[in-house]
Amino acid sequence: MPPVPLSSLRPGIAGIVAAVLPPATAQDEPLVRRLAEIGFLPGEAVRVMARAPGAEPIAVRVGRSTFALRRFEAAFVQVEPR
Amino acid sequence: MDAAALHLRIALLGNPNCGKTALFNLLTGSRQKVANYAGVTVERKEGSMRTPSGRLVRVLDLPGAYSLNPLSPDEALTRDVVTGLRSDVERPELLVCVTDATNLRLNLRLVLEARRLGVPIVVALNMSDLARRRGIVIDRQALARELGMPVVETVGVHDEGARALVAHLDECIPDRKPEPVDWTAPTLAEVVQTQQQVRRILQAAVREPEVDTRLDDAIDRVVLHPFWGVPILAAILFLMFQAVFSWAQLPMDALEQGVQHAGALLQAAMPDGVLRSLVVDGVVAGVGSVLVFLPQILILFLFILALEDSGYLPRAAFLLDRMMAAAGLSGRSFIPLLSSFACAVPGVMATRSITSWRDRLATIMVAPLMTCSARLPVYALLIGAFVPERQVAGLFNLQGVVLFALYVAGIVSAMAVAWAFKHLRRRDGQSPLLMELPAYRIPRLRSLARGLAERAGIFIRRVGTIILALMVVVWFISSFPAPPAGAPGAAIQYSIAGMLGSALEPLFRPIGFNWQICIALIPGLAAREIAVAALGTVYALSATGDAVADQLGPVIAGRWSLATALSLLAWYVFAPQCISTLAVVRRETNSWRYPLLMAGYLFGLAWVASFLTYRIALAAGA
């Protein structure tokens, strides 16, 4: 299956990070770096644990941690669903 | 031993949620000092301890950080301290990198990043008991070899949990001349490289079984449920407010009686005169009327602390993020705003964890609209005096309904103001949330008790200093100058306060306030709850002859119209007059612009709301 943005996955769906998109603007740079710092790296397993009312944010398990991400944040992470 | 060996300056560095603060408390016990860093309101927690050999260790607890590339003001401060950029903090001679032993994969990255700082480091594997219970086997020697730094096990929540760390602090030879390093943020490629290094080290030194997250996941399925999550949160908050009112009743009655008793005793024991008036009317009546709110504040904080320690608060922020974003805030605003129900000052300070400056500013601006506990005395007095105690719809107590409506009015106005604020300022792109939802933990009694003791201390210090001093001032300006001999009317009308009240009256007459209320509003600037105490003093001193009113409620019920009372309630929903809040906003935003803007908009809203309330109530015949 081709990679899809993490933001498009429904709760309960797991996958493997295929890539983290480069920042589109200088403003996104710290955000993208932080995504990598907290574990969103190619090859890492992720799972969407929950989705808040109103479709965002989503709760994503990565490694041993769970992070809440807004849709635009999660869209930087490309995932191959399993 | 030479002097250098007798002293050591260390700092605790670690991710949020790694149990760092518990370890700090364990190391330093009660020898702590909580202050702020100069120029920013990031809390500076410092303490000291003595090792078995007599070495004095000064311990600095740094704000939790995921990285030395900061996303929030908290993280920026941590970076500045460890890189030696701050002039008001000496660079630590030794860093204790505190890690959550159950989540080294996330935590070790910061350790590797800190290694580039060139300061000696000792790694503390915190929560090592929990890690062992989960079957995680950490080869300490191998880990120390891979990292090139000593590694000790710690358990922040056990009395003996820091023994290995203390032994290390006893022996280590610190770097005596830590030079400011030339710190440059790593590139994205370097971040990825560091992560690969973390994995390599974990492979060499740590064996972890598949983690069992079934319990956490099950709880999350319930509390984060897309439909039931929000009602569950609402129920928890409802329970909290119920508890604040029902549980606190007994201790509050006891405190009130104690204060009255003390007043009566002093009244009888002291000779009539200026001094007795100062002690009884000023100090005891004034300070006592504020002190009775201690139980409510403690219950509110008990809930906030327990929810915080359990890991639920970030979930609440998760659930509300979308709704709050629509109003121009962020889910991260939830925790500061919840604290603002106790007091806007800690609320404003808690906004420092909000990464986006725009969201942070909006949160700060609306924090004073959350009904703080200092407004409770005013509400309680007015509702008790003017709202009859009867059932509504056969279910609810009318007084309770009015109180609830006042809280809701505050929340709704906050949302409206935040929304207006968002539309008045140009958007600078989407702001990130990126918030960890930590593993659930059962709150520890000891940590709750410590938090409550801290809160009680702050409150009592406030009562004993600023409130006490102001009550003396109120008493003074209400008593002097004395009226000329044979003058008609109450003595207070001739005092400074009486003159001030009369001068302000034209501004407040359209909204139904009399000069007594105007006087009470002045000291209310320093602390809102003083308005009640000041009314007490004003009416006590304006009683002609010896008829000293001991019950303020019936007095104002007899003298004010219902419209005036409702107008004052509306005023207090906005209540612009709180110097401590404005001062903390000034410090937090580092400019006069925002506190002035805040005072202005709150004053305007308060006046308009009171005017409308008063006029509508009059028209309705109240």
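Two strands count as paired if DSSP finds at least two bridges between them. The model discussed here is predicted.

Q: How many bridges join strand 3 of chain A to strand 4 of chain A?
A: Strand 3 covers residues 45-51 of chain A and strand 4 covers residues 58-62 of chain A, and the two run antiparallel. Within this pairing, A:Arg51 stands opposite A:Ile58 of strand 4. The number of bridges joining strand 3 to strand 4 is five.

Q: Which strands are the edge strands of the open sheet?
A: The open sheet is formed by seven strands with antiparallel pairing, in the order 1(A)-6(A)-2(A)-3(A)-4(A)-5(A)-12(B). An edge strand here pairs on one side only, and this holds for strand 1 (4-5) of chain A and strand 12 (435-436) of chain B.

Q: Which residue is the bridge partner of A:Phe67 in strand 12 of chain B?
A: Strand 5 of chain A, residues 65-69, pairs with strand 12 of chain B in the antiparallel sense, over two bridges. In strand 12 of chain B, the partner of A:Phe67 is B:Glu436.

Q: Which helix of chain B supplies the largest share of the side that touches chain A?
A: The contact takes 30 residues from chain A and 33 residues from chain B. On the side of chain B that touches chain A, at least two residues each come from several elements, including helix 8 (188-205), helix 14 (312-326) and strand 12. The largest share, five residues, comes from helix 14 of chain B.

Q: How many residues of the side of chain B that touches chain A are nonpolar?
A: The residues of this side of chain B include eight polar and seven charged ones. The nonpolar residues there number 18.

Terms used: Residues numbered from 1 in each chain as written. Chains lettered and ligands numbered in written order. Predicted model: local features only at pLDDT ≥ 70, side-chain atom pairs only at ≥ 80, totals over all residues. Helix = DSSP H or I, 4+ residues; strand = E, 2+ residues; numbered from the N terminus. Contact = placed C-beta atoms within 7 Å. Nonpolar A, V, L, I, M, F, W, Y, C, P; charged D, E, K, R; others polar.
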